[in-house]
Amino acid sequence: MKYSPKLEEVKKQDPNLTPRVSIIVPALNEEKYISRCLKSLLAQDYKNLEIISIDDGSTDNTLMTMKEVALTDCRLRVVEAGQRPVGWVGKNWACFIGYINSAGDILIFTDADTVHSKQTVTLAVNHILHENLSAITAIPRLMSEDFLTSVTLPLLSVFLQTRFSPLKVNDSANNFGYFFGSFFAIIRGHYESIGTHREVRKEIVEDGAIGSLVKKRGIKMKMFRGENCVEALWARDRQGLWNGMLRLLIPMHREQGKKTVPMVIAIAFLMLFPFIALPGGIYFIDRGESGFLGVLIAGAALITLCTIITTAALILSQSIKSRMQLALGSPIGATVITLSFVISLLKIHRSQSFAWKGRTYL
């Protein structure tokens, strides 16, 4: 995190360079969140923009809410995506419809439950123009609405910061690329050159798939820390947390194949070892004849436990910016992450569906 660039750190800003920006917001049953998302986009200090909010077949008041906000500002247009074609999954179709209805030189994709600081678009455009970039993405500040998600997010953030590290994405010698769906911007011509969302229409994690395509095609991209500019709701409840983990992990398992098995074993060991070994070590100490072994086990477990809790506390203070006391819930978060890894590994080759933010994935 220390060596990852921050979105708000811009080398140069030129108020005279204002290419047309189209912000595309797909929404499905987001009546609770869509209004604050759109209002944060309308409050941007970057003026040459249009916002296209796409209703992806909502059954609640999402469409009505979007139209009400649109009445307050002509820069916002509401589009109904219509029937999703066979073979398209997730929000890919809505994003594609947004692109078709857009006119911007730079396209920004964001989620309906994301909130942006007023400088987010300005910062993104200046990074693209002055660093000769074709695409950027930002790791958001992850938000939650329930206790279980809150104590899981710190350790999940550690996983995201390592697996999808800006240091890997920004390394031209590394072929790894990734976009966070809560915020990524791409020059229109380059988006079209990779085939738009049509190219990833069958992907479960479509944003990551587009980011991967961009990097593999040699298009210059950069990932930033964006917790001071972009806030994204990770999950709305416990079921959402669980399904979100499966949505993230199943494609990763399929991509890595058999390499996933030792990785899952290692993660399970690292995550659960201290919580199991500490009472075991105390038991051996109490028995007397195995006291030295007990000290070794308990000591190793205690050091690991302290490391996990300290890391969670640092993430809470630096990235998530929430109460550091939540780090004490790390044993619960570690259990959730370990179980999700194991179960997603078992589900790799099974045809099962799960819901994530109102959409059903197979």
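**Close-up views of a predicted model**

View 1. Asn 92 has its place in helix α3, which spans residues 92–100; helices (H or I, at least four residues) and strands (E, at least two) are DSSP runs, numbered from the N terminus. The model is predicted, and local features need pLDDT of at least 70, side-chain atom pairs count only at pLDDT 80 or more, while totals for chains, interfaces and linings use all residues. Residues are numbered from 1 along each chain as its sequence is written, and side-chain values use heavy atoms, with hydrogens and water left out. Asn 92 counts as buried because its relative accessibility is 0%, where buried means under 20% relative accessible area, exposed over 50%, and partly exposed in between (1.4 Å probe, protein chains only). Leaving aside residues up to four places away in sequence, Asn 92 touches His 197, Val 200, Arg 201, Lys 202, Glu 203 and Glu 206, a contact being heavy atoms within 4.5 Å. The side chain of Asn 92 also reaches the backbone oxygen of Val 200, at 3.1 Å.

**View 2. The salt bridge of Glu 50 and Arg 20.** Glu 50 forms a salt bridge with Arg 20, and their closest N and O atoms are 3.9 Å apart; the term stands for a side-chain nitrogen of Lys or Arg within 4 Å of a carboxyl oxygen of Asp or Glu. Glu 50 lies in strand β2 (residues 49–55) and Arg 20 in the segment before β1 (21–27), so the pair ties together parts that are 30 residues apart in sequence. Glu 50 is buried, at 6% relative accessibility, whereas Arg 20 is partly exposed, with a relative accessible area of 29%.

**View 3. The salt bridge of Arg 84 and Asp 56.** The side chains of Arg 84 and Asp 56 meet in a salt bridge, at 3.2 Å from N to O. This pair links distant parts of the chain, 28 residues apart, with Arg 84 in the loop between β3 (76–80) and α3, and Asp 56 in the loop between β2 and α2 (62–70). Arg 84 counts as partly exposed at 26% relative accessibility, while Asp 56 is buried at 6%.

View 4. Arg 188 and Glu 192 form a salt bridge whose closest N and O atoms are 3.4 Å apart. Both residues lie in helix α7 (residues 188–193), 4 residues apart, which is about one turn of the helix. Elsewhere, Lys 91, Asp 111, Glu 206 and Asp 207 are linked in a network of salt bridges, and a search of the whole structure finds 14 salt bridges.

Terms used:
A polar contact is a pair of N or O atoms within 3.5 Å; within protein, one must be able to donate a hydrogen and the other to accept it, and residues adjacent in sequence count only if both atoms are side-chain atoms.
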